[in-house]
Amino acid sequence: MIDLHTHTLFSDGELLPSELVRRAEMTGYEAVALTDHADSSNLDWIVPRLVQVCGDLNAHWKIRAIPGIELTHVPPVLIGPLAKKARALGALLVVVHGETLVEPVPPQTNRMAIEAGADILAHPGLITAEEVVLAREKGVALEISARKGHSLSNGHVARLAETYRADLVLNTDAHSPEDLISRERASQVAWGAGWGADGLERMLRNSRRFLARLS
Ligand SMILES: [Zn+2]
Ligand SMILES: [Zn+2]
(Lines give C-alpha, C1' and ligand atoms only; values in the text may rest on other atoms or scores of the structure.)
(Ligands and ions follow the chains in the order given, each with its own letter.)
Protein backbone atom coordinates (compact mmCIF):
# COMPACT_ATOMS: atom_id res chain seq x y z
CA MET A 1 0.00 0.00 0.00
CA ILE A 2 1.10 3.53 -0.75
CA ASP A 3 -0.82 6.09 1.31
CA LEU A 4 -0.19 9.72 0.43
CA HIS A 5 -2.45 11.38 3.02
CA THR A 6 -2.21 10.91 6.80
CA HIS A 7 -2.18 13.02 9.98
CA THR A 8 0.07 13.03 13.04
CA LEU A 9 -0.16 14.91 16.31
CA PHE A 10 1.35 17.90 14.51
CA SER A 11 -2.30 18.58 13.61
CA ASP A 12 -5.27 16.46 14.68
CA GLY A 13 -3.83 12.98 14.30
CA GLU A 14 -3.31 10.80 17.36
CA LEU A 15 0.21 9.51 16.76
CA LEU A 16 3.72 10.84 16.79
CA PRO A 17 5.16 10.63 13.26
CA SER A 18 7.52 7.80 14.20
CA GLU A 19 4.72 5.66 15.59
CA LEU A 20 2.45 6.33 12.62
CA VAL A 21 5.20 5.35 10.18
CA ARG A 22 6.12 2.28 12.23
CA ARG A 23 2.49 1.15 12.34
CA ALA A 24 2.15 1.77 8.59
CA GLU A 25 5.18 -0.42 7.97
CA MET A 26 3.70 -3.18 10.12
CA THR A 27 0.41 -2.86 8.17
CA GLY A 28 2.37 -3.68 5.02
CA TYR A 29 2.86 -0.22 3.54
CA GLU A 30 5.76 0.52 1.23
CA ALA A 31 5.35 4.29 1.58
CA VAL A 32 3.38 6.80 3.64
CA ALA A 33 3.13 10.58 3.40
CA LEU A 34 2.63 12.70 6.52
CA THR A 35 0.37 15.56 5.49
CA ASP A 36 -0.79 17.52 8.52
CA HIS A 37 -3.42 20.23 8.31
CA ALA A 38 -1.93 23.68 7.81
CA ASP A 39 -2.75 27.30 7.09
CA SER A 40 -0.53 30.36 7.35
CA SER A 41 -0.37 30.03 11.16
CA ASN A 42 1.46 26.72 11.36
CA LEU A 43 2.91 25.82 7.96
CA ASP A 44 6.44 26.94 8.84
CA TRP A 45 6.26 25.08 12.14
CA ILE A 46 5.08 21.72 10.77
CA VAL A 47 6.98 21.23 7.53
CA PRO A 48 10.58 21.43 8.80
CA ARG A 49 9.73 18.99 11.62
CA LEU A 50 8.20 16.47 9.22
CA VAL A 51 11.21 16.85 6.91
CA GLN A 52 13.50 16.14 9.89
CA VAL A 53 11.69 13.04 11.14
CA CYS A 54 11.11 11.56 7.67
CA GLY A 55 14.84 11.91 6.99
CA ASP A 56 15.66 10.12 10.24
CA LEU A 57 13.17 7.30 9.62
CA ASN A 58 14.17 6.80 6.00
CA ALA A 59 17.78 6.36 7.08
CA HIS A 60 16.86 3.42 9.30
CA TRP A 61 13.68 1.79 8.05
CA LYS A 62 12.59 0.16 4.84
CA ILE A 63 9.29 2.03 4.48
CA ARG A 64 9.52 5.36 2.67
CA ALA A 65 8.22 8.31 4.75
CA ILE A 66 7.36 11.45 2.79
CA PRO A 67 7.08 14.91 4.36
CA GLY A 68 4.01 16.73 3.07
CA ILE A 69 1.27 19.11 4.08
CA GLU A 70 -2.51 19.43 3.68
CA LEU A 71 -3.59 23.03 3.12
CA THR A 72 -6.92 23.12 4.91
CA HIS A 73 -9.82 25.61 4.88
CA VAL A 74 -7.55 28.43 3.73
CA PRO A 75 -8.98 31.28 1.65
CA PRO A 76 -8.70 29.86 -1.87
CA VAL A 77 -6.55 32.75 -3.20
CA LEU A 78 -3.90 31.81 -0.62
CA ILE A 79 -3.60 28.20 -1.78
CA GLY A 80 -1.04 29.04 -4.49
CA PRO A 81 1.29 31.12 -2.29
CA LEU A 82 1.06 28.66 0.63
CA ALA A 83 1.76 25.68 -1.65
CA LYS A 84 4.86 27.48 -2.88
CA LYS A 85 5.95 28.23 0.66
CA ALA A 86 5.41 24.61 1.73
CA ARG A 87 7.64 23.38 -1.10
CA ALA A 88 10.31 25.97 -0.25
CA LEU A 89 10.30 24.65 3.33
CA GLY A 90 10.89 21.12 2.05
CA ALA A 91 7.45 19.57 1.64
CA LEU A 92 7.67 16.92 -1.08
CA LEU A 93 3.90 16.59 -1.37
CA VAL A 94 1.22 19.27 -1.30
CA VAL A 95 -2.29 18.00 -0.63
CA VAL A 96 -5.23 20.40 -0.61
CA HIS A 97 -8.27 19.68 1.57
CA GLY A 98 -10.95 19.71 -1.12
CA GLU A 99 -14.65 20.50 -1.08
CA THR A 100 -15.79 17.42 0.84
CA LEU A 101 -19.52 16.93 1.36
CA VAL A 102 -19.09 16.88 5.14
CA GLU A 103 -17.42 20.23 5.90
CA PRO A 104 -18.01 23.86 4.84
CA VAL A 105 -14.82 24.09 2.78
CA PRO A 106 -14.75 27.45 0.94
CA PRO A 107 -16.14 27.30 -2.61
CA GLN A 108 -13.44 27.57 -5.32
CA THR A 109 -11.03 25.52 -3.19
CA ASN A 110 -11.06 22.67 -5.74
CA ARG A 111 -10.38 24.99 -8.65
CA MET A 112 -7.65 27.01 -6.93
CA ALA A 113 -5.92 23.83 -5.73
CA ILE A 114 -5.80 22.55 -9.30
CA GLU A 115 -4.66 25.88 -10.71
CA ALA A 116 -1.96 26.06 -8.03
CA GLY A 117 -0.61 22.69 -9.17
CA ALA A 118 -1.17 20.82 -5.91
CA ASP A 119 0.00 17.22 -6.09
CA ILE A 120 -3.29 15.83 -4.77
CA LEU A 121 -6.74 17.34 -4.44
CA ALA A 122 -8.14 15.37 -1.50
CA HIS A 123 -11.81 14.41 -1.14
CA PRO A 124 -13.04 16.85 -3.83
CA GLY A 125 -16.76 16.26 -3.19
CA LEU A 126 -18.97 17.25 -6.11
CA ILE A 127 -16.10 18.37 -8.32
CA THR A 128 -17.23 19.53 -11.77
CA ALA A 129 -16.36 17.92 -15.10
CA GLU A 130 -14.54 21.10 -16.10
CA GLU A 131 -12.37 20.93 -12.98
CA VAL A 132 -11.59 17.27 -13.61
CA VAL A 133 -10.43 18.13 -17.14
CA LEU A 134 -8.26 20.89 -15.70
CA ALA A 135 -6.83 18.46 -13.13
CA ARG A 136 -5.83 16.10 -15.92
CA GLU A 137 -4.18 18.94 -17.86
CA LYS A 138 -2.28 20.14 -14.79
CA GLY A 139 -1.34 16.64 -13.61
CA VAL A 140 -3.17 17.01 -10.30
CA ALA A 141 -4.30 13.66 -8.88
CA LEU A 142 -7.80 13.37 -7.44
CA GLU A 143 -8.35 11.39 -4.29
CA ILE A 144 -10.53 8.41 -3.55
CA SER A 145 -10.84 8.49 0.23
CA ALA A 146 -11.13 5.56 2.61
CA ARG A 147 -12.27 8.01 5.28
CA LYS A 148 -15.83 8.01 6.60
CA GLY A 149 -17.77 11.04 5.36
CA HIS A 150 -15.20 12.16 2.78
CA SER A 151 -15.86 8.89 0.97
CA LEU A 152 -19.50 9.85 0.23
CA SER A 153 -18.51 11.30 -3.15
CA ASN A 154 -16.02 8.60 -4.19
CA GLY A 155 -18.40 7.25 -6.83
CA HIS A 156 -18.85 10.67 -8.43
CA VAL A 157 -15.10 11.41 -8.40
CA ALA A 158 -14.24 7.98 -9.82
CA ARG A 159 -16.81 8.25 -12.60
CA LEU A 160 -15.60 11.68 -13.77
CA ALA A 161 -11.95 10.63 -13.50
CA GLU A 162 -12.70 7.61 -15.70
CA THR A 163 -14.59 9.74 -18.24
CA TYR A 164 -11.96 12.49 -18.46
CA ARG A 165 -8.89 10.33 -17.79
CA ALA A 166 -7.72 12.17 -14.69
CA ASP A 167 -5.37 10.41 -12.27
CA LEU A 168 -6.82 8.93 -9.10
CA VAL A 169 -4.96 7.98 -5.94
CA LEU A 170 -6.44 6.10 -3.02
CA ASN A 171 -5.56 7.39 0.47
CA THR A 172 -6.77 6.75 4.00
CA ASP A 173 -6.58 10.29 5.47
CA ALA A 174 -5.69 8.36 8.65
CA HIS A 175 -5.94 10.24 11.93
CA SER A 176 -5.78 7.14 14.20
CA PRO A 177 -3.88 3.84 14.07
CA GLU A 178 -7.04 1.93 13.15
CA ASP A 179 -7.49 4.12 10.05
CA LEU A 180 -4.47 2.52 8.34
CA ILE A 181 -5.73 -0.16 5.96
CA SER A 182 -4.55 -3.39 4.41
CA ARG A 183 -4.14 -3.72 0.69
CA GLU A 184 -7.21 -5.95 0.65
CA ARG A 185 -9.32 -3.26 2.31
CA ALA A 186 -7.95 -0.62 -0.08
CA SER A 187 -8.90 -2.86 -2.97
CA GLN A 188 -12.48 -3.07 -1.66
CA VAL A 189 -12.67 0.74 -1.41
CA ALA A 190 -11.45 1.16 -5.00
CA TRP A 191 -13.85 -1.51 -6.22
CA GLY A 192 -16.69 0.08 -4.25
CA ALA A 193 -16.01 3.40 -5.97
CA GLY A 194 -16.83 1.64 -9.24
CA TRP A 195 -13.33 0.95 -10.54
CA GLY A 196 -13.63 -2.81 -10.45
CA ALA A 197 -11.39 -5.56 -9.12
CA ASP A 198 -8.21 -4.01 -10.56
CA GLY A 199 -9.15 -0.47 -9.47
CA LEU A 200 -6.61 -0.30 -6.67
CA GLU A 201 -3.82 -1.45 -8.97
CA ARG A 202 -4.67 1.33 -11.42
CA MET A 203 -4.70 3.90 -8.63
CA LEU A 204 -1.45 2.61 -7.13
CA ARG A 205 0.25 3.10 -10.48
CA ASN A 206 -0.34 6.84 -10.06
CA SER A 207 0.93 6.79 -6.47
CA ARG A 208 4.00 4.89 -7.63
CA ARG A 209 4.64 7.41 -10.39
CA PHE A 210 4.63 10.10 -7.74
CA LEU A 211 7.17 8.17 -5.65
CA ALA A 212 9.38 7.67 -8.69
CA ARG A 213 9.45 11.42 -9.26
CA LEU A 214 10.83 11.89 -5.74
CA SER A 215 13.82 9.61 -6.14
ZN1 LIG B 1 -8.66 16.77 4.24
ZN1 LIG C 1 -6.57 14.96 5.76
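Q: Which residues of helix H6 (residues 154-164) are buried in this predicted model?
A: Asn154, Val157, Ala158, Leu160 and Ala161 are buried in helix H6. The term applies because a buried residue has under 20% relative accessible area.

Q: Against what do the buried residues of H6 pack?
A: Their partners are H5, strand E7 (141-145), strand E8 (168-171) and helix H7 (183-195). Just after H6, Arg165 adopts a positive phi of about 55°.

Q: What makes Ile144 a residue in contact with Asn154, Val157 and Ala158?
A: Contact requires heavy atoms within 4.5 Å. With neighbours within four places in sequence left aside, Ile144 is in contact with Asn154, Val157 and Ala158, and also with Leu168, Val169, Leu170, Asn171, Val189, Ala193 and Met203.

Q: Which residues touch the most other members of the largest nonpolar core?
A: Among its 71 residues, these are Ile69, Leu71, Leu142, Ile144, Leu168 and Leu170. Helix H2 (residues 43-60) makes the greatest contribution to this core, with seven residues. Membership calls for buried residues joined through side-chain atoms within 4.5 Å.

Q: Which residue bridges the zinc ion (ligand 1) and the zinc ion (ligand 2)?
A: Glu70 does, and the two ions lie 3.2 Å apart.

Q: Why is Leu126 called exposed?
A: Its relative accessible area is 58%, and exposed means over 50%; the term therefore holds for Leu126. Leu126 is found in the loop between strand E6 (120-122) and helix H5 (129-138). Together with Leu101, Val102 and Leu152, Leu126 forms a nonpolar patch on the surface, with about 410 Å² of accessible area in total.

Q: Why is the pairing of Arg209 with Asp167 called a salt bridge?
A: The closest N and O atoms are 3.0 Å apart, and the limit is within 4 Å, so the pair qualifies. Arg209 lies in helix H8 (residues 199-214) and Asp167 in the loop between H6 and E8, so the bridge ties together parts that are 42 residues apart in sequence. The structure holds 12 salt bridges.

Q: Why do Arg209 and Asp167 count as partly exposed?
A: The class lies between the buried limit of 20% and the exposed limit of 50%. Arg209 has a relative accessible area of 44% and Asp167 one of 29%, so each falls within that range.

Q: With which residues does Glu201 form salt bridges, to Arg183 or to others?
A: Glu201 meets Arg183 at 2.3 Å, N to O. The pair links distant parts of the chain, with Glu201 in helix H8 and Arg183 in helix H7, 18 residues apart. Arg208 also forms a salt bridge with Glu201, at 3.6 Å between the closest N and O atoms. Glu30, Arg183, Glu201 and Arg208 are linked in a network of salt bridges. Relative accessible area is 30% for Glu201, 38% for Arg183 and 31% for Arg208, so these residues are partly exposed.

Definitions and conventions
Residues numbered from 1 in each chain as written. Chains lettered and ligands numbered in written order. Predicted model: local features only at pLDDT ≥ 70, side-chain atom pairs only at ≥ 80, totals over all residues. Heavy atoms only, no water. Patch = residues over 30% accessible without salt bridge, like charges linked within 9 Å, V, L, I, M, F, W, Y side chains within 5 Å. Areas by Shrake-Rupley, 256 points an atom, 1.4 Å probe, with all protein chains shown as cover. Salt bridge = Lys/Arg side-chain N within 4 Å of Asp/Glu carboxyl O. Helix = DSSP H or I, 4+ residues; strand = E, 2+ residues; numbered from the N terminus. Buried < 20%, exposed > 50% of the residue type's maximum accessible area, 1.4 Å probe, protein only. Donors = N, O, S within 2.8 Å, 3.2 Å for Na, K, Ca; no water.
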